[in-house]
Amino acid sequence: MKTTLHHPRLGEITIYSTRRSSRISLAVRPSGEVRLSHPPYVSQRRALEFLESKTEWVEQARAKYANHATLPTLTAEDIERLRAEAKAFLPKRVAEIAQSLGFSYGKVTIRAARTKWGCCTAQNNLSLSLYLMLLPRHLQDYVIVHELCHTVHHNHSAQFHALADRCLQGREKELARELRKHHTPR
């Protein structure tokens, strides 16, 4: 069940009571939207008490997003154009980077993923978001190198980060911080 209420300090809050929730959780979207979810056996009053205890956190999260670059809203035509550009460019770029760094991988697929810039499967296939095309080239390359490093280490262990940092000439943390300032269109 979904309801909306106006909080005196935070504005509009969307509340979800869903069996998929096992606990009360709170999320702030890059748009500033606040979502509060809770399992049906938890009262809405209790969920709102939780929200009250996290008001400062919500305001800090909104402030953080206000300093980030949210990518523009796109039409269906824009997305199809972007998909064509991504399919023409990204697999070739992956091949160039993989060859220069000595990585091998399976296939490359392009998806309209909004929550991840890329991923690597257990079979070393790479899936890249078409929204990478909206990022600066150095961040596109960072995501590609990150996913290629997952062909060696399928986790985010210290060894993975050491490899990524070597491949990125000591700039892994800096580039990761910069990428976190960007969000896919909603």
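Reader: In which helix does Lys173 lie?
Author: This is a predicted model: local features need pLDDT of at least 70, side-chain atom pairs count only at pLDDT 80 or more, and totals for chains, interfaces and linings use all residues. Residues are numbered from 1 along each chain as its sequence is written, and side-chain values use heavy atoms, leaving out hydrogens and water. Helices (H or I, at least four residues) and strands (E, at least two) are DSSP runs numbered from the N terminus. Lys173 falls in residues 172–179, helix α6.

Reader: Is Lys173 buried or exposed?
Author: Buried means under 20% relative accessible area, exposed over 50%, and partly exposed in between (1.4 Å probe, protein chains only). Lys173 has 63% relative accessibility, so it counts as exposed.

Reader: How many salt bridges does the structure hold?
Author: The criterion is a side-chain nitrogen of Lys or Arg within 4 Å of a carboxyl oxygen of Asp or Glu. One example is Arg35 with Glu33, at 3.0 Å between the closest N and O atoms. Arg35 is partly exposed at 31%, and Glu33 is partly exposed at 28%. The structure's count is ten.

Reader: What is the N to O distance between Arg45 and Glu49?
Author: Both residues lie in helix α1 (residues 44–53), four residues apart, about one turn of the helix. Arg45 is exposed at 60%, whereas Glu49 is partly exposed at 38%. Their side chains meet in a salt bridge at 3.5 Å.

Reader: How far apart are the closest N and O atoms of Asp78 and Arg81?
Author: Helix α3 (residues 76–101) holds both, three residues apart, about one turn of the helix. Asp78 is partly exposed at 23%, and Arg81 is partly exposed at 43%. They form a salt bridge with a distance of 4.0 Å.

Reader: Which side chain of opposite charge is nearest to Glu147?
Author: Glu147 is found in helix α4 (residues 137–149). Glu147 is buried yet has no salt bridge. At 7.9 Å, the nearest side chain of opposite charge is Lys116.

Reader: Which residue's backbone nitrogen lies 3.3 Å from a polar atom of the Glu147 side chain?
Author: A polar contact pairs N or O atoms within 3.5 Å; within protein, one must be able to donate a hydrogen and the other to accept it, and residues adjacent in sequence count only if both atoms are side-chain atoms. For the side chain of Glu147, the backbone nitrogen at 3.3 Å belongs to Cys120.

Reader: How far is Tyr142 from Leu168 in space, C-alpha to C-alpha?
Author: Tyr142 sits in helix α4 and is buried at 6%. Leu168 is 26 residues away in sequence. In space, the separation is 7.5 Å.

Reader: What is the phi of Gln169?
Author: Most residues other than glycine have a negative phi. Gln169 lies in the loop between α5 (158–167) and α6, and it is exposed at 71%. Its phi is positive, near 50 degrees.

Technical notes: Lys and Arg count as positive and Asp and Glu as negative; His and the chain ends are not counted.
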